[in-house]
Amino acid sequence: MTDARPKLVLASASPRRLGLLQQVGIDPDHLHPTDVDETPLKAELPRQLALRLAKDKAEAALAWSKREPEWAGAWILAADTVVAVGRRILPKAETVDDAESCLRLLSGRSHRVWTGIGLVTPAGAIKVRLVETRLRFKRLSSAEIAAYVASDEWRGKAGGYAIQGIAGGFVVKLVGSYPAVVGLPLAETLGMLEGSGYPVRAGWSAPLVPVA
């Protein structure tokens with residue numbers, strides 16, 4: 001018998017995005033991280049960058065799926081998160097200097113997290129959506145910054161922090177989507193999937209099977 005269950009590919013290596021999808025009963029059939037240049041274009045705004053990268057990742061995964069018969073016609077979900085203070089785009093911190101610079105900038109200030117979602121439908125159409133979340137950090141002492149940097153939790157994270165970890169204790173105000181700051185806005189993602197015909201509630205009453 002042919003398995004008619006629709007297939008979903010998550011175009012990301014992020015365990016946080018995978019965990020968020022599994023939280024709402026959706027277990028991707030395959031993980032396919034994409035390799036796209038995330039360097040901002042000249043004068044590119046944070047919101048434009050988040051949308052462009054989400055679309056670029058979706059397009060890269062679509063091109064891959066066309067070469068793989070098993071995944072041709074699958075739904076493909078991609079996302080990208082950008083942290084910004086005004087027009088200034090913060091890096092995905094890779095060094096101690098990156099992390100310290102980000103935390104000093106964010107200390108006692110408001111900032112925005114822009115999360116772009118890219119969805120490829122089985123027909124090959126690409127849909128994109130942008131979600132904005134506004135946050136404010138408390139004023140961080142030098143000791144707090146040093147201790148957080150020592151935790152290594154910031155490594156590879158946009159803006160130099162992970163809200164789902166220790167840095168959750170820095171947030172004094174959040175307006176928008178908490179899951180979007182973690183990596184994937186769930187309500188908006190489910191809405192896009194359901195709007196394109198994906199059965200988002202199919203797994204709510206069945207046990208999830210981990211991705212191989």
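Rings of Phe, Tyr and Trp (its six-membered ring) count as a pair if their centres lie within 6.5 Å; planes under 30 degrees apart are stacked, over 60 edge-to-face and the rest tilted. The model is predicted, so local features need pLDDT of at least 70 and side-chain atom pairs pLDDT 80 or more, while totals for chains, interfaces and linings use all residues. Residues are numbered from 1 along each chain as its sequence is written, and side-chain values use heavy atoms, without hydrogens and water.

**Exercise 1.** Determine how many aromatic pairs there are, and classify Phe-137 with Phe-170.

By the rule above, there are four aromatic pairs. The ring centres of Phe-137 and Phe-170 are 5.8 Å apart and the planes meet at 65°, so this pair is edge-to-face. Phe-137 belongs to strand β6 (residues 126-137), whereas Phe-170 is in the loop between α4 (142-151) and β7 (171-175), 33 residues apart. Helices (H or I, at least four residues) and strands (E, at least two) are DSSP runs numbered from the N terminus.

**Exercise 2.** Classify the pair of Tyr-148 and Phe-170, and state whether each residue is buried or exposed.

With 5.3 Å between centres and 70° between planes, the pair is edge-to-face. Tyr-148 lies in helix α4 and Phe-170 in the loop between α4 and β7, so the contact ties together parts 22 residues apart in sequence. Buried means under 20% relative accessible area, exposed over 50%, and partly exposed in between (1.4 Å probe, protein chains only). Tyr-148, at 2%, is buried, and so is Phe-170, at 6%.
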